[in-house]
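Okay, thanks for coming, everyone.

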Amino acid sequence: MALVDIKVPDIGDFDEVGVIELLVKPGDTVKAEQSLITVESDKASMEIPSSHAGVVKELKVAVGDKVKQGSVIVVVEAAGDAASESKQAPAQSELGQGATKSVASAPAPAEAPAAPAAAPAASGPVDVHVPDIGDFKDVAVIELLVKVGDTVKAEQSLFTVESDKASMEIPSPAAGVIKELKVKIGDKLNVGDLVAIMEGAAGAAPAAAPTAASAPTAAASTPPAEPKPSAAVSQVMRMFAPPAPQVESKPSAPAPHAPGAAPVGLPHASPSVRKFARELGVPLEEVKGSGPKGRITQDDVQAFTKQVMSGAAQTKAQAAKPSAGGSGVGMDLLPWPKVDFSKFGTVERKDLSRIKKISGANLHRNWVMIPHVTNNDEADITELEAFRVSTNKENEKSGVKVTMLAFVIKAIVAALKKFPEFNTSLDGDTLVYKQYYNVGFAADTPNGLVVPVLKDADKKGIIQISTEMGELAKKARDGKLGSADMQGGCMSISSLGGIGGTHFTPIINAPEVAILGLSKGQMKPVWDGKAFVPRLVLPLSLSYDHRVIDGASAARFNAFLGQVLADYRRILL
């Protein structure tokens with residue numbers, strides 16, 4: 001027997017996660033891969049598995065603790081071969097196989113179930129199926145990482161799929177050679193779909209599946225010698241899976257809904273989903289969960305909200321309260337008109353792209369929940385444009401093209417430092433002031449609008465900003481932006497300068513409190529005190545959250561931004 005420290009494995013791009021539930025206690029006997037604790041980040045709940053079988057001797061964490069990769073969570077007395085054999089001997093005695101005093105005589109019966117596993121160890125075709133990737137349906141294949149004829153190792157990534165929430169790579173269950181690919185880019189996949197056929201390598205790798213599926217006595221007598229690789233793979237899948245059904249957490253505030261009948265117990269939902277429902281005012285008691293054991297996911301809350309807003313469904317509170325003149329769809333709006341467009345002529349129906357569905361829901365929420373006000377102003381960028389053109393000529397050989405947007409990002413950083421209330425976010429009744437400067441910019445792609453975020457813009461020069469903007473824009477067009485590339489923004493820019501327009505009202509990208517819209521620069525006659533002279537003028541449209549920023553502050557911000565763009569030396573002051 002040996003004491004083994006069970007540590008938090010690689011859980012992805014998370015610094016610290018909170019422990020929300022302990023699934024074992026000292027004295028419990030656990031198997032390899034059995035879940036020990038449940039942790040929750042701001043994106044998902046996940047269970048941390050045990051890398052060894054044995055007996056729990058000590059818990060190193062408590063509910064509410066913060067853990068990260070490498071943190072020791074449990075001390076386990078690992079089970080050796082002798083322990084597993086001693087457990088098997090009494091079982092054989094009860095079955096009438098004859099008890100023996102020496103546990104060394106037990107291996108003979110234990111080898112019996114292992115014999116059939118030797119057959120599949122030889123080379124042969126192996127079907128690769130989509131594993132359990134959580135509560136996702138119809139995930140799209142966005143990248144093939146191997147081709148026919150490639151030799152792959154066990155757990156090597158084969159292709160990348162993308163759901164509405166994240167991208168993930170599907171690993172190979174065994175080592176071998178790819179004989180046939182059953183999918184191509186753009187295909188929709190679900191759990192269990194056949195994606196590839198490979199020629200398995202001779203050895204023990206193909207026998208792993210039969211061993212894992214063998215009888216409980218065989219599994220107990222032969223604990224895995226090196227379970228860490230499979231634990232890591234299991235953890236990756238858990239990151240994208242819905243929260244564990246047994247997790248329960250009481251909401252920090254009472255639900256804004258009082259139905260007629262008292263609900264029986266709390267709805268099954270993770271704390272993050274409960275918080276999301278409270279922010280939208282959704283009564284969880286009336287939401288039907290689609291997750292395991294009826295667990296409510298964030299998608300369920302969003303779907304319920306869409307039904308209520310469209311008039312397809314009503315909450316109990318709405319049904320009990322007659323509306324003054326509307327249908328009780330949340331704001332007493334008339335139901336959305338249902339029209340048979342085909343009776344007026346030929347029509348064609350096309351589904352919205354995935355990005356437009358997601359961004360549309362977010363834009364709708366932001367427009368309804370944030371009191372938008374837009375301040376319009378203009379900046380004289382005549383000298384700045386001339387400097388930009390000359391800079392590009394000087395750096396023509398470098399291949400980096402400096403855009404006006406790079407200068408605007410740097411100018412926004414200076415404005416955020418001068419007006420810190422613009423670099424904030426509302427958290428309930430608290431205003432969070434940020435000490436970093438990340439600027440998002442809207443990128444137009446064939447599938448819709450996305451907003452990559454340029455990190456630490458205050459620490460970078462114009463050339464570096466232009467380079468990173470080009471890289472992020474290319475990732476956006478190729479559909480390879482990760483969730484980390486679109487998070488952490490302080491303020492966003494929506495630029496229509498290459499298209500046209502004079503002014504517009506950009507919608508704030510929550511939880512930010514402001515967004516700057518740029519229209520097309522135009523030559524205009526400007527009075528310089530003696531005569532009208534032609535000047536290149538850039539329209540600025542600043543939308544701001546009126547709960548945080550008042551009109552005078554917004555006007556000062558926009559005016560200062562115009563001054564910096566007109567004379568870029570001010571950025572040094």
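So, one term before we start: I'll say salt bridge when a side-chain nitrogen of Lys or Arg sits within 4 Å of a carboxyl oxygen of Asp or Glu. Also, this is a predicted model, where local features need pLDDT of at least 70 and side-chain atom pairs count only at pLDDT 80 or more, while totals for chains, interfaces and linings use all residues. Residues are numbered from 1 along each chain as its sequence is written, and side-chain values use heavy atoms, with hydrogens and water left out.

By that rule, the count here is 16 salt bridges.

Have a look at D380, E383 and R535, which are linked in a network of salt bridges. Within it, R535 pairs with D380, and their closest N and O atoms are 2.8 Å apart. R535 is in strand β27 (residues 532-545) and D380 is in strand β17 (residues 372-380), so this pair ties together parts that lie 155 residues apart in sequence. When I say helix or strand, I mean a DSSP run, numbered from the N terminus: H or I with at least four residues for helices, E with at least two for strands.

How exposed is D380? It's partly exposed, at 23% relative accessible area. The cut-offs are under 20% for buried, over 50% for exposed and partly exposed in between, using a 1.4 Å probe and protein chains only.

Next, R388 and E385, another salt bridge, again with the closest N and O atoms 2.8 Å apart. Both lie in helix α10 (residues 382-394), three residues apart, or about one turn of the helix. R388 counts as buried, at 15% relative accessibility.

Then there's K57 with E77, where the closest N and O atoms are 3.8 Å apart. That one links distant parts of the chain, with K57 in strand β6 (residues 54-59) and E77 in strand β8 (residues 72-78), 20 residues apart. K57 is partly exposed at 45%, and E77 is partly exposed at 24%.

Okay, on to sheets. Strands pair through backbone hydrogen bonds, either parallel or antiparallel. For us, two strands pair if DSSP finds at least two bridges between them.

Which strands make up the open sheet? There are four, in the order β9-β16-β14-β11, with antiparallel pairing. β9 (124-129) and β11 (151-152) are at the edges with a single partner strand each, so one side of each has no neighbour in the sheet. Six bridges join β9 to β16 (residues 194-200), and P125 has E199 as its bridge partner there.

Elsewhere, β10 (residues 139-144) runs antiparallel to β15 (residues 188-189), joined by two bridges, with A140 partnered by K188. Four bridges also join β10 to β12, antiparallel again, and L144 stands opposite F159.

β12 (157-162), β14 (176-181) and β16 each supply at least two lining residues.
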